[in-house]
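Dear colleague,

Here is the structure I said I would send over. My notes follow below it.

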Amino acid sequence: MPSATPPVPAPCAPEDVRRVGCVGAGVIGGGWAAHFLARGYDVTAWDPAPDAEARLRRLVAAAWPALEQLGLAEGASQDRLTVTGSLEEAVAGAEFVQESAPEKLELKRDLLARLDAAAPAGAVIASSTSGYPMTDMQTGTPGAARLVVGHPFNPPYLIPLVEVVGGELTAPAAVEWASRFYEVAGKSVITMDREVPGFIANRLQEALWREALHMVANGEATVREIDASITEGPGLRWAVMGPMLTFALAGGEGGMAHMLDHFGPSLKSPWTRLAAPELDRALYEAVVAGCDEAAAGRTIADLVAERDRGVIDVLRATGRLPGTAATGEAAR
Ligand SMILES: NC(=O)C1=CN([C@@H]2O[C@H](COP(=O)(O)OP(=O)(O)OC[C@H]3O[C@@H](n4cnc5c(N)ncnc54)[C@H](O)[C@@H]3O)[C@@H](O)[C@H]2O)C=CC1
Ligand SMILES: C[N+](C)(C)CC(=O)CC(=O)[O-]
């Protein structure tokens, strides 16, 4: 990946970051704020919505019991969250900035340019985008060299993975710095050496999601059946081993080689429908109604608490919580 602009020295080493600026404080920005607070950072956040501060503080308070179970860093406190009245105040003293604004390309472009103008020289600015290539977002920003994608998973305070990748104008040093910072901040990092549509995990997730929507649209499966097919089936294995090693075990003692000899030809079976279904009103309503039915009276807050408890149980069971024994590759 060529770097057009020489890297500006970062204001400090990743290990010395004290303050993180979170811009955009919805589901993901709020989740990031909760994560950074739990890791002992000062967090300054800004979001233009009139109710943003109350919403953010509610989100952090709701996440805190889960974070206490995970183990708070020394000095970690919800009191170290400051919600500012402007974007400039939120990033002025930050050694790292995480942008989590709505997924709209023009909005991200403008916002990243404003963040570049306001953030301390050299501070790396990461976007939570779930799909835009940084190359498309960084055009027109003088400090494009310090812009990276840091793609999290919901909720960022529980799901360890973050995918880090730069754009054509990003300095490799900024990608390295961001990856190291996320590691120091307790994340599990995949650093990509090139831009791939959908990064890695979303590309995989979207393929599954596309097929699920086809099945709902065609009445082939209900929302409940689709969810159960994963939580009662492959999802249990995927928390321990990814789809590749899982399928290697499908080959028995012959491993992946036997698996490919045996099942490889079925790749050509017309099981998948690679083109996306039309997200028309009928499909939209079927998916929303199916989710309401599957929630069976549980509110979103109930489901968030249930998910958080479940993910913590899985992290504990697979040795990925501090103080639990590692049980396998997934735990390392
Ligand atoms: N929801 C998810 O599961 C995931 C979302 N993401 C990404 O995170 C980003 C944020 O998504 P969500 O948190 O889900 O959206 P959201 O709608 O929950 O939150 C977006 C927030 O941005 C604020 N906002 C609106 N205009 C803004 C501006 N000009 N500057 C700063 N903030 C602004 C809104 O008031 C809102 O609080 C998107 O890029 C999305 O693709 C990434 C991973 C997972
Ligand atoms: C739905 N989503 C595409 C925004 C999801 C993500 O980007 C990652 C996640 O949390 O699964």
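Predicted model: local features only at pLDDT ≥ 70, side-chain atom pairs only at ≥ 80, totals over all residues.

UniProt, in an unreviewed entry, lists residues 198–273 as "domain: 3-hydroxyacyl-CoA dehydrogenase C-terminal".

The unreviewed entry also has "domain: 3-hydroxyacyl-CoA dehydrogenase NAD binding", which covers residues 20–194. That span is 39% helix and 20% strand, and its end C-alpha atoms are 26 Å apart.

**The annotated binding site**

Which residues does UniProt give as "binding site"? The unreviewed entry places this feature at Gly24, Ala25, Gly26, Val27, Ile28 and Gly29. From this set, Gly24, Gly26, Val27, Ile28 and Gly29 belong to the lining of the second largest pocket.

Gly26 sits in the loop that runs between strand E1 (19–23) and helix H1 (27–38). Apart from neighbours within four places in sequence, Gly26 has contacts with Gly31, Asp47, Arg55 and Leu59. Gly29 is part of helix H1. Is Gly29 buried or exposed? Gly29 counts as buried because its relative accessibility is 1%, and the cut-off for buried is under 20%. With neighbours within four places in sequence again left out, Gly29 is in contact with Cys22, Gly24 and Ser100.

**Ligand 1**

There are 24 residues around ligand 1, and the nearest of them are Ile28, Asp47, Glu103, Lys108 and Ser130. Ile28 is also one of the residues in the UniProt "binding site" feature, and Asp47 is among the residues that Gly26 contacts.

Three of the side chains come with distances:

- Asp47 has a polar side-chain atom 2.5 Å from an oxygen atom of ligand 1.
- For Glu103, a polar side-chain atom is 2.6 Å from an oxygen atom of ligand 1.
- Ser130 places a polar side-chain atom 2.7 Å from an oxygen atom of ligand 1.

How much of ligand 1 does the protein bury? On its own, ligand 1 exposes 820 Å², and the protein buries 74% of that.

**Ligand 2**

The residues surrounding ligand 2 are Ser130, His151, Pro152, Phe153, Asn154, Asn202, Gln205 and Glu206.

- In Asn154 a polar backbone atom is 2.8 Å from an oxygen atom of ligand 2.
- In Asn202 an N or O atom of the side chain is 2.8 Å from an oxygen atom of ligand 2.
- In Gln205 a polar side-chain atom is 2.9 Å from an oxygen atom of ligand 2.

Taken alone, ligand 2 exposes 330 Å², of which the protein buries 59%.

**One loop residue**

Where is Glu278 found? Glu278 is in the loop between helix H11 (255–263) and helix H12 (281–295). Glu278 counts as exposed because its relative accessible area is 64%, and the cut-off for exposed is over 50%. Glu278 and Pro172 are 106 residues apart along the chain, and their C-alpha atoms are separated by 39 Å.

Regards

Technical notes
Residues numbered from 1 in each chain as written. Chains lettered and ligands numbered in written order. Heavy atoms only, no water. UniProt positions renumbered as here; feature names shortened; annotations may be inferred. 1 Å grid on protein atoms, 1.4 Å probe; cavity = no way out; pocket = protein on both sides within 12 Å on 5 of 7 lines; lining within 4 Å. Helix = DSSP H or I, 4+ residues; strand = E, 2+ residues; numbered from the N terminus. Contact = heavy atoms within 4.5 Å. Buried < 20%, exposed > 50% of the residue type's maximum accessible area, 1.4 Å probe, protein only. Near = heavy atom within 4 Å. Polar contact = N/O pair within 3.5 Å; in protein donor to acceptor, adjacent residues only side chain to side chain. Areas by Shrake-Rupley, 256 points an atom, 1.4 Å probe, with all protein chains shown as cover.
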